[in-house]
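Thanks, everyone. Please have the sequence and the model up on your screens.

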Amino acid sequence: MQSRIPRQSTTEHGANRADNDARLTAELAAVVAGARRRALRDGDRQIDTAHLLHSLLESDPEVRAVFEGGDPQVARLLGYLVQRSIGYGLRWQGSVEDSGAVPVLPGTAHTAGWSPVAAGALEEACERAGRRGDERPRGIDLLAAIVVDPQSRAVEVLRRGGVDARELPARLLQVELMAAAGREEYAGGVDGVG
């Protein structure tokens, strides 16, 4: 019996390169690996922003905290993402996610096999972390980057799930500030200062 899932070698389309990208934390590399598996399982040629969103929602509690609707809203979004291969997402198969709204960065060894929008989002996530002073991006950096393009597949999923992507930057900032305060409190307690 032959598998219906297209096979890719580890060298085809740069498979596993972004997963092993030294710029990524182990957690974010796992998100990328999950997005790649999902793309292969769905028969998609490239990882797109909806694959990244799906993997982020499943694995990153900090990303889930961004959604004001809490667990019910996240569950609704995951429901839409699961339906991708049997419902509205079928029209995405065989096409490349490139809305033209965001400048496309040339493909790198790290983002071969990615849609132009998803590749740009990964690069933007790394730059966003750098601007904050971190060496590596976190899940919220990638979330912030994938919602920049109002025509991305991730933003379409968010709209279907009742989330206004334009409101997410403010929520992201709140989550980041809370996380930073928690890290400072923890560091103070460890050092004996707090």
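Start with aspartate 48, in the loop between H1 and H2. This is a predicted model, so read every number as computed from it. Buried or exposed, then, for aspartate 48? Its relative accessibility is 1%, so aspartate 48 counts as buried. The cut-off for buried is under 20%.

Now look at what its side chain does. At the start of H2, a side-chain oxygen of aspartate 48 comes to within 2.9 Å of the backbone nitrogen of alanine 50. The aspartate 48 side chain also reaches the backbone nitrogen of histidine 51, at 2.9 Å. And there is a side-chain partner: aspartate 48 makes a polar contact with the side chain of arginine 153, at 2.8 Å. Along the chain, aspartate 48 and glycine 113 are 65 residues apart, yet their C-alpha atoms are separated by 9.3 Å.

Next, the helix itself. H2 spans residues 49-59. How many of its 11 residues are buried? Nine, so the helix is mostly covered. The buried set is Thr49, Ala50, His51, Leu52, Leu53, His54, Ser55, Leu56 and Leu57. What covers them? The cover includes helix H1 (26-42), helix H3 (61-64) and helix H4 (70-82). It also includes helix H5 (116-132), helix H6 (139-146) and helix H7 (153-160).

H7 first. The axes of H2 and H7 come within 6 Å and cross at roughly 60°. H2 and H7 are therefore oblique to each other. Which residues meet? On the H2 side, Thr49, Ala50 and Leu53. On the H7 side, Arg153, Ala154, Val157 and Leu158. By class, that contact has five nonpolar, one polar and one charged residues. Arginine 153 is also the polar partner of the aspartate 48 side chain.

Now H4. The axes of H2 and H4 come within 10 Å, and they cross at roughly 140°. That makes H2 oblique to H4 as well. H2 passes H4 in a left-handed crossing. From H2, the residues in this contact are Ala50, Leu53, His54, Leu57 and Glu58. They meet Val74, Leu77, Leu78, Leu81 and Val82 in H4. By class, there are eight nonpolar, one polar and one charged residues here. Ala50 and Leu53 meet H4, and both meet H7 too.

Two glutamates to finish. Glutamate 62 sits in helix H3. Its relative accessible area is 18%, so glutamate 62 is buried. What does its side chain pair with? A polar contact of 3.2 Å joins it to the side chain of arginine 138. Setting aside neighbours within four places in sequence, glutamate 62 is in contact with Arg138, Ile140, Val175 and Ala179.

The other is glutamate 135, in the loop between H5 and H6. With 77% relative accessibility, glutamate 135 counts as exposed. Glutamate 135 and arginine 23 are 112 residues apart along the chain, and their C-alpha atoms are separated by 7.3 Å.

To recap: aspartate 48 is buried, and so is glutamate 62, whereas glutamate 135 is exposed. H2 is mostly covered, and it is oblique to H4 and to H7. Over to you for questions.

Technical notes. Residues are numbered from 1 along each chain as its sequence is written. This is a predicted model: local features need pLDDT of at least 70, side-chain atom pairs count only at pLDDT 80 or more; totals for chains, interfaces and linings use all residues. Side-chain values use heavy atoms; hydrogens and water are left out. Buried means under 20% relative accessible area, exposed over 50%, partly exposed in between (1.4 Å probe, protein chains only). Helices (H or I, at least four residues) and strands (E, at least two) are DSSP runs, numbered from the N terminus. Contact means heavy atoms within 4.5 Å. A polar contact is a pair of N or O atoms within 3.5 Å; within protein, one must be able to donate a hydrogen and the other to accept it, and residues adjacent in sequence count only if both atoms are side-chain atoms. Axes are lines fitted to C-alpha atoms, for helices over the stretch in contact, and angles run from 0 to 180 degrees between N-to-C directions. Angles under 35 degrees count as roughly parallel, over 145 as roughly antiparallel, 65 to 115 as roughly perpendicular and the rest as oblique. A crossing is left-handed if the near helix is turned anticlockwise from the far one by less than a right angle, and right-handed if clockwise. Ala, Val, Leu, Ile, Met, Phe, Trp, Tyr, Cys and Pro count as nonpolar, Asp, Glu, Lys and Arg as charged, and the others, Gly among them, as polar.
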